Amino acid sequence: MEPAAKQKVIYITYLIAALDITWLFLQFSITPYLARRLGFDTIWFGYLQTTVGVIQLLGGPIYGRFADVFGARAALSVSCLASVVYFLLLAVADNTFMLFVHKLPAVFMHTLPGAQMVVADLSEDEKRADALGKLGLCFGIGMIAGSSLGGTLSTQKGSSNSVFNLGEITRLMKFPGVVKTFTVKIISGLPAGIFQVMFSIIAINFFQLKAEQNGYLMAYFGIVQMVIQGAVIGRLTSRFSESSLMLLSVGISSLVGLAQAMMTNVFHFCLIVIPMMFSLSVFNVITDSMLTKSVSPSDTGTMLGLCASVQSLLRTVGPTIGGFLYEAYGVPSFGYIQCIINAAVFSFLLTTGGRSQPNRP
């Protein structure tokens, strides 16, 4: 494709991603309040979140392999169709059973990884992190629009043709640097993932926020992320190495955890959000970029599917671990765990000197 044609496809992909994230965060905003109205307590809401995590954990690698076999366009089409079914079921979810059932299409709902596949395929290696960062700008826009609308609505109401091939996934893990980066992605991201899946409960019980106020807070998240992903990450990736930026993000994440442990009100949290979103945005973009550069172009879909499955894994174990920590030790426990784990990861990365960039196979 000509460069202009590639750029046009990337812009269209950005639009698709922004719309999908808008609808996604709309339902993120209303689901906790809908669950409460249907009689869910903290434990059952955790089960609901765990169900979503399990479903997407199973679907992530399959979706990535599907994209490698049939192409990113087919994968995006399947994801968009799954989203339609998902929201139709949500519209008729008037009991606890239907609230669980409407989560089933989430097994194929991986529009953002699909968009990342397109961007990764069409962008040059040296510009990939910047391009993925711009995709994060769309994420921020969708987060603002979806969260605000959701709050308002709540107030008013391989070589083989097989899609799943464990051998292909295992083969990717053997490329230089993949296991290390992937392990860091899981371990460092676990504490933040636990906090994120428990945030709706924290917002209601700890911060005592109403649905509309929670929507405004989520919109604030989106504004911060939009600025960081759209205006900051691109400049950082052009001046610093990816291994250095990963080290920086992990270090900041450790300090954010300490601040979270000491916060007492929503104002403190709003101050913490800026470095928190910076560390999360940089960490996710950089690790995704490093992992896709470690494999061949034909395997980027599978790799990004695996990256998406990490988030699903965190959503799977997060509610169970988070529910226990919340009931037994309170909100500060999330911060202390994040501080300790990321400090250990930071020390590991510092002593090993980061990861050198291998040549793409």
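Which residues of H3 are buried? The legends below take up this helix after an overall view of the predicted model.

**View 1. Overall fold of the predicted model.** The protein contains 13 helices and 0 strands. Its pattern along the sequence is α-α-α-α-α-α-α-α-α-α-α-α-α. Of the 361 residues in the protein, 54% are buried. The accessible surface amounts to about 15,700 Å², and carbon and sulfur atoms account for 69% of that area.

**View 2. Helix H3, residues 72-91.** H3 is made up of 20 residues. From its first C-alpha to its last, H3 reaches 29 Å, close to the 28 Å expected at 1.5 Å a residue.

**View 3. The buried side of H3.** Ala72, Ala75, Leu76, Ser79, Ala82, Ser83, Tyr86 and Leu90 are the buried residues of H3. Viewed down the axis of H3, these residues fall within an arc of 125 degrees, so they line one face of the helix.

**View 4. The face of H3 turned away from its buried side.** Exposed residues on this face are Arg73, Leu81, Leu88 and Ala91.

**View 5. Confidence, with residues 158-164 and 355-359.** Mean pLDDT for the protein is 79, with 82% of its residues at 70 or more. Over residues 158-164 the pLDDT stays under 50, and the model has 18 contacts beyond four places in sequence for this stretch. Residues 355-359 also have pLDDT below 50, with 12 contacts in the model beyond near neighbours in sequence. Where pLDDT is low, predicted coordinates should not be read in detail.

Conventions:
Residues are numbered from 1 along each chain as its sequence is written. This is a predicted model: local features need pLDDT of at least 70, side-chain atom pairs count only at pLDDT 80 or more; totals for chains, interfaces and linings use all residues. Side-chain values use heavy atoms; hydrogens and water are left out. Helices (H or I, at least four residues) and strands (E, at least two) are DSSP runs, numbered from the N terminus. Buried means under 20% relative accessible area, exposed over 50%, partly exposed in between (1.4 Å probe, protein chains only). Accessible areas come from the Shrake-Rupley method with a 1.4 Å probe; for residues, only the protein chains shown count as cover. pLDDT is the predictor's confidence in each residue, from 0 to 100. Contact means heavy atoms within 4.5 Å. The expected span of a helix is 1.5 Å times one less than its number of residues. The arc is that of the directions from the helix axis to the C-beta atoms.
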